[in-house]
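Me: I am new to this structure and would like to go through it by questions and answers. Please show it to me.

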Amino acid sequence: QVQLVESGGGLVQPGGSLRLSCAVSGGIYSIYSINWYRQAPGKQRELVATIESNDEIHYAGSVKGRFTISRDDSTDNTKETVHLQMNSLNVEDTAVYYCNAERPEGDYWGQGTQVTVSS
C-alpha cells in the first residue's frame, strides 16, 4: 500500500515562494503518476501538476511557468520524494495542497498541507 506524506506548506506573502514535498513509500513500482492537487475554500479540488512514471510532466494553465514538479528517487528505489516548487505566488494560490498517487487499483492521497498567500 502506498503512503504519501506532504510537507512544506505555510504562510507566504504575494510574490513569494514555497516548496512542497511529498514523501512516497510502499509499492512505488506500480505508480502511474504522482499528482499535486489543491482545494481552495468553497471550490472543487483541481489538478495542479503531474509527473508520470516515464517522467512526462503536465501543469494546469494557471500555474504553468510558476510551478515546477520534480522527483527524487531513493538509491534502493523503495521510496521517492516529489517536490512542487511554487514561485510568484498570489492570493489565488491559497489552498490545501494534496499529493496523489495513481495505481492500477485506484488512487492514494496524502493528508494535505495548507498554503496561505497573504500580505
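Reply: Two strands are said to pair if DSSP finds at least two bridges between them. Please keep in mind that this is a predicted model.

Me: Which residue is the bridge partner of Ser21 in β8?

Reply: Strand β3, which covers residues 18-25, pairs with strand β8, residues 79-86, in the antiparallel sense over 8 bridges. The partner of Ser21 in β8 is His83.

Me: Is the pair of Tyr37 and Trp109 stacked, edge-to-face or tilted?

Reply: A pair of aromatic rings is described by the distance of the centres and the angle of the planes. Planes under 30 degrees apart count as stacked and those over 60 as edge-to-face, with the rest tilted. The centres of Tyr37 and Trp109 are 5.0 Å apart and their planes stand at 55°, so the pair is tilted.

Me: At what angle are the planes of Tyr98 and Trp109?

Reply: Tyr98 lies in strand β9 and Trp109 in strand β10, 11 residues apart. Their ring centres are 6.4 Å apart, and the pair is edge-to-face because the planes are at 85°.

Me: Which charged residue lies over the face of Trp109?

Reply: Tyr37, Tyr98 and Trp109 form one aromatic cluster. A charged end sits over the ring of Tyr98, 3.9 Å from its centre, and belongs to Arg45. Over the face of Trp109, at 4.6 Å from the ring centre, lies Arg45.

Definitions and conventions. Residues numbered from 1 in each chain as written. Predicted model: local features only at pLDDT ≥ 70, side-chain atom pairs only at ≥ 80, totals over all residues. Heavy atoms only, no water. Helix = DSSP H or I, 4+ residues; strand = E, 2+ residues; numbered from the N terminus. Phe/Tyr/Trp six-rings, centres within 6.5 Å; stacked < 30°, edge-to-face > 60°. Lys NZ or Arg CZ within 6 Å of the ring centre and 35° of its normal.
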